[in-house]
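Have the model open and turn it as you read.

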Amino acid sequence: MPFLPTIKDDDKVPHVLAKFNTGTGRPLLEFHEALLRGDSPFTVQERELMAAYVSGVNACRYCCGAHTAAAKEFGVPETVITALIESIETAQVSKKLKPVLAYIRKLTLTPTKMTPKDADAVYAEGWNERALYDAVQVCCLYNFMNRFVEGLGLTPRPDQFAMEGKLIKDGGYAGMGKAFGIK
């Protein structure tokens with residue numbers, strides 16, 4: 001149940017951004033669009049997987065569900081994300097991606113314990129600085145979004161996750177801003 005009385009039980013993030021329309025919503029969605037759809041060493045599929053993974057590590061059912069559905073729209077089986085949340089080592093993701101996921105897991109759970117060795121593991125698999133930079137940004141964005149959603153008490157709707165995933169894929173994040181009139 002939402003914690004703000006004027007937010008409806010079935011409202012989603014774009015509804016809330018449009019309702020308050022304080023000028024922060026459009027830049028937030030533009031950041032999503034640039035980070036998750038723009039140029040990157042990671043594919044869109046990998047970035048949506050990271051968004052779902054960070055949300056799963058945080059146990060944010062709303063964001064994990066929506067981004068698992070989005071990742072699925074881009075070809076990531078839901079079982080891969082579920083397995084990742086349980087264990088990076090045994091999940092069916094590329095060996096090259098595993099240290100990136102380990103890095104963002106540690107950054108999510110114990111950020112003050114990050115060391116150069118964590119970055120070195122990412123570089124050892126062939127990723128460059130830009131890749132680590134992008135992974136850190138995806139991690140930070142979804143830690144923020146998970147707290148935004150949980151702080152407002154937005155209600156996860158598993159029956160709507162597939163629809164949300166399709167909207168994220170088809171319209172992108174910038175499309176949400178336009179569709180909802182977010183400034």
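Which residues of α4 are buried? Keep in mind while you look that this is a predicted model. The buried set runs Tyr 62, Cys 63, Cys 64, Gly 65, Ala 66, His 67, Thr 68, Ala 69, Ala 70 and Ala 71. That makes 10 of the 13 residues of α4, so the helix is largely enclosed by the rest of the structure. The cover over those buried residues includes α1, α3, α5 (78-86), α8 and α9. As for its geometry, α4 reaches 18 Å from its first C-alpha to its last, close to the 18 Å expected at 1.5 Å a residue. After α4 comes Gly 75, with a positive phi near 105 degrees.

Now zoom out to the whole chain. What about the radius of gyration? A compact globule of 183 residues would come out near 16 Å, and the protein agrees, with 16 Å. Of those 183 residues, 49% count as buried. Then look at who touches whom: among contacts with a separation of 6 or more, 73% are between residues 24 or more positions apart.

Next, go to α9, residues 161-180. This helix has 20 residues, yet its end C-alpha atoms are only 18 Å apart, short of the 28 Å that a straight helix would reach at 1.5 Å a residue. Where is the kink in α9 centred? Find Gly 171: the kink is centred there and is about 90 degrees. The buried residues of α9 are Phe 161, Glu 164, Gly 165, Ile 168, Gly 172, Tyr 173, Met 176 and Gly 177. What covers them includes α1 (13-20), α2 (25-37), α3 (44-57), α4 (61-73) and α8 (129-152). Just past the end of α9, Gly 181 takes a positive phi of about 65 degrees.

Two of those buried α9 residues, Ile 168 and Tyr 173, lead us to Arg 37, which touches both of them. Arg 37 itself lies in helix α2. Leaving aside residues up to four places away in sequence, the list of what Arg 37 touches also includes His 32, Val 44, Arg 47, Glu 48, Phe 74 and Lys 169. With Glu 48 there is a polar contact of 2.9 Å between the side chains.

That brings us to charge pairs. Side chains of opposite charge can pair when their charged atoms come close. How many salt bridges does a search of the whole structure find? The search finds seven, and a few of them are worth a visit.

Start with Arg 157 and Asp 9, whose side chains meet in a salt bridge at 2.5 Å, N to O. The pair links distant parts of the chain: Arg 157 sits in the loop between α8 and α9, while Asp 9 is in the segment before α1, 148 residues apart. Arg 157 counts as partly exposed, at 24% relative accessibility, and Asp 9 is partly exposed too, with a relative accessible area of 35%.

Then move to Arg 130, which forms a salt bridge with Asp 39, the closest N and O atoms being 3.7 Å apart. Here again distant parts of the chain are linked, with Arg 130 in helix α8 and Asp 39 in the loop between α2 and α3, 91 residues apart. Asp 39 counts as exposed, at 64% relative accessibility, whereas Arg 130 is partly exposed, with a relative accessible area of 36%.

Arg 130 also has a salt bridge to Asp 134, at 2.8 Å, N to O. Why can these two line up along the helix? They are four residues apart in α8, which means that about one helical turn separates Arg 130 and Asp 134. Is Asp 134 buried or exposed? It is buried, with a relative accessible area of 3%. Through shared partners, salt bridges join Asp 39, Arg 130 and Asp 134 into one network.

Definitions and conventions
Residues numbered from 1 in each chain as written. Predicted model: local features only at pLDDT ≥ 70, side-chain atom pairs only at ≥ 80, totals over all residues. Heavy atoms only, no water. Expected span 1.5 Å × (residues − 1). Bend = angle between axes of the 7 residues up to and from the residue. Buried < 20%, exposed > 50% of the residue type's maximum accessible area, 1.4 Å probe, protein only. Contact = heavy atoms within 4.5 Å. Polar contact = N/O pair within 3.5 Å; in protein donor to acceptor, adjacent residues only side chain to side chain. Salt bridge = Lys/Arg side-chain N within 4 Å of Asp/Glu carboxyl O. Rg over C-alpha atoms; globule rule 2.2 N^0.38 Å.
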